[in-house]
Amino acid sequence: MADNVDLRTGTTGSGVQAGPVPVLAPGHNYESVSESIAAVPLKQGWPKFWLVGFTATFCIMMMLFATIGGLVFKGIGLWGPNVPVGWGFDIINFVWWIGIGHAGTLISAILLLLKQQWRMSIARFAEAMTIFAVACALLYPTFHTGRPWLAYWMLPYPNTMGMWPQPRSPLLWDVFAVSTYATISIVFWYVGLIPDLATMRDRAKSRFAQVAYGMLALGWRGSAKHWVHYETASLLLAGMSTPLVLSVHTVVSFDFAVGLLPGWHATIFPPYFVAGAIYSGFAMVLTLAIPMRSWYKLKDFITAKHIDNMCKVMLATGLIVAYGYFMEAFMAWYSANGWETFMFKNRTTGPYGWSYWSLILFNVLIPQVLWFGWARKNVALVFVVSLIINIGMWLERFVIIVTSLHRDFLPSSWGMYYPTQYDWSFYIGSIGMFLCLMYIFIRVLPSISIFEVRTLVPRETKGGHH
Amino acid sequence: MRKPLYGLMAEFATPEQLIEATEKVHSEGYRKVDAYSPLPIEELHHSMHLPDSKLPRFVFFGGLAGGLGGFGLLQWISQVAYPLNIGGRPLNSWVSFIPITFELTVLLAGLTTFATLIAMCGLPLPYHPVFNVPRFKLASSERFFLVIESEDPRFDLVRTREFLNTLHPHEVSEVES
């Protein structure tokens, strides 16, 4: 709470935030903020768009579970990956989902440390998005092991086999990075929810909702003594999550960069992966926020200012990603390494050339429209661009993984990778699971942090109706 | 016989009134006091003379345990429990242990933050006397409350109520324990 209010005289600046477009629409007081956000789970019941969306995504999630059943009974031969492309959709989608998760932590942690108040109304559901995206991501390596019921072998624990994991392997680093990221994201999210759960408990009318929210709120009563600990804990968690989120995609990029394969063995990978993660994450936040704010009439809280800021973050990270693509091409030439040169030539003009050029179109060229203010104000256009970036970032992982693996050092071991219907049903199914979880989340929990938005209410109008 | 009172509760409409009230309550000599608000109010920290949170020192030791424990575990695995020759690298190839050491530092520090926060706030606490006041429901939405507990040596039902009334509250109510 960085509020420069002179309390003695009660004078304030011009209210919320400098700048022409506010991050909270004018005219709100504490009660109206609480009411508008809490009403979504408490009063709006089961709107038609929710039922339709939930049912559809639930069915798609069932397709995922059916695929998982097939994988467990038959084995992962149902999937397309095989020599030489041993990492296909499962790793592409793992990296894609983990990347999407990064925006949530960036918004909730890094922007908190930078005192960016506009983050407050999008942080909650961006964090939820992080948790669900990480859950989707974890499905892929888990089922790619082929024996997911033995996944705990990846953890260091004393066992009768006398075996221990190999701590020099980036794959083990990844186990720790992703599981820590999932755990800390859930903790951070839950800590942020506690005061809002108390609000829900106190506003709920049905006994069931009162008890359910009451148990989750742990008896929070907003005591000033507790707020002191609470604010300290939030700051500490943000401070920890900041290097954590940067480390996660760095470690994911080590899965590739530590290998010797041309197209993977590059020092640009960690920063380029982190920027790409934030890029895709913000695209996904926009893809979800734009329909949500209009369906649930939350435009007072997720304003044009938020969309504008998120577009600018996408533009900046997109340019870093474009720099990464350029550096890959430059190093292929500058290193004077025949394998690197061939890799780049094959990537751009080989059998998968279409994926490289679509990637450049989707990730580099089209998003440049966000330089223009009129484009960032056009919500429908921003929505389309965010979808295009989501696809572009998926293509980036496809390009990195498939085009590097399918033609490496020995022409005798070259081959092609074709995803099977089970690759597709697993991927589309995981999107269904992600959206289904988002629908449930929006329906049962406050999707915007109520207590943080209260701090945006200008002090002179505070108190509301008297 | 009536149950003993937990204290007296005053309700305010704005954070400014609450901050002013807590200052006056403190200068009047009351010490068993708590304020309740639907949002964090930084100024209360000073006006109520609250100590800084001791949470960071627990978190420091949690993180330290995670870091040292993690690094020690990896060393022990590589040198004692399961030594493996990977491409002729030394058994103590500590550089490759850094990522996991870092992750375990953050993991333990984060879990300690959560556990300490819950413990320091005395949660989970399903029942608390302040919830007996019907209007306290608003403390999580829009209203600001101040409670002087009956355990305070200066507490006197009549005089404390009169004093609270001088702070221009919306209402003063008795909190049953």
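Colleague: Let's start inside chain A. Which residue forms a salt bridge with A:R124, and how far apart are the closest N and O atoms?

Modeller: The partner of A:R124 is A:D196, and their closest N and O atoms are 3.1 Å apart. Since A:R124 lies in helix α4 (residues 120-144) of chain A and A:D196 in helix α5 of chain A, the pair ties together parts that are 72 residues apart in sequence. Please keep in mind throughout that this is a predicted model.

Colleague: Are A:R124 and A:D196 buried or exposed?

Modeller: The cut-off to apply is under 20% relative accessible area for buried. A:R124 has 4% relative accessibility, so it counts as buried. A:D196 counts as buried too, because its value is 0%.

Colleague: Where does A:K43 find its salt-bridge partner, and what is the distance?

Modeller: A:K43 pairs with A:E35, with 2.8 Å between the closest N and O atoms. Here the accessibility reads another way: A:K43 is exposed at 55%, while A:E35 is partly exposed at 25%. The pair also belongs to a network of salt bridges that links A:E31, A:E35, A:K43 and A:R203.

Colleague: What about A:R397 and A:E396?

Modeller: Those two form a salt bridge as well, with closest N and O atoms 3.9 Å apart. A:R397 and A:E396 are both buried. Over all chains, the rule gives 14 salt bridges.

Colleague: How many salt bridges cross the interface of chain A and chain B?

Modeller: Zero, by this rule. Polar contacts tell another part of the story: 21 residue pairs are in polar contact between chain A and chain B, counting pairs with both residues at pLDDT 80 or more.

Colleague: How should I read the size of such an interface?

Modeller: The general idea is that interface size is often given as the accessible area lost when the parts come together. In this structure, chain A and chain B bury about 5800 Å² between them, with 68% of it on carbon and sulfur atoms. A:W164, A:R168 and A:R221 supply 15% of the area that chain A buries against chain B, more than any other three residues. In terms of contacts, 61 residues of chain A meet 70 residues of chain B.

Colleague: Which helices of chain A each supply at least two residues of the side that touches chain B?

Modeller: They are α1 (30-42), α5 (170-203), α7 (224-257) and α15 (450-454). The largest share, 17 residues, comes from α7(A). By residue type, the side of chain A that touches chain B divides into 32 nonpolar, 17 polar and 12 charged residues.

Colleague: Could we look at one residue on the other side? Where is B:S96 found, and in which chain?

Modeller: B:S96 sits in the loop between α3 (55-81) and α4 (98-120) of chain B. Its relative accessible area is 13%, so B:S96 is buried. Leaving out residues up to four places away in sequence, B:S96 touches A:P167, A:R168 and A:W173.

Colleague: How is chain B divided into domains?

Modeller: Domain 1 covers 5-52 + 125-176, and domain 2 covers 55-120. The C-alpha centres of these two domains of chain B lie 44 Å apart.

How values were computed:
Residues numbered from 1 in each chain as written. Chains lettered and ligands numbered in written order. Predicted model: local features only at pLDDT ≥ 70, side-chain atom pairs only at ≥ 80, totals over all residues. Heavy atoms only, no water. Contact = heavy atoms within 4.5 Å. Buried area = accessible area lost by both parts, 1.4 Å probe. Salt bridge = Lys/Arg side-chain N within 4 Å of Asp/Glu carboxyl O. Polar contact = N/O pair within 3.5 Å; in protein donor to acceptor, adjacent residues only side chain to side chain. Helix = DSSP H or I, 4+ residues; strand = E, 2+ residues; numbered from the N terminus. Nonpolar A, V, L, I, M, F, W, Y, C, P; charged D, E, K, R; others polar. Domains from an automatic or database assignment. Buried < 20%, exposed > 50% of the residue type's maximum accessible area, 1.4 Å probe, protein only.
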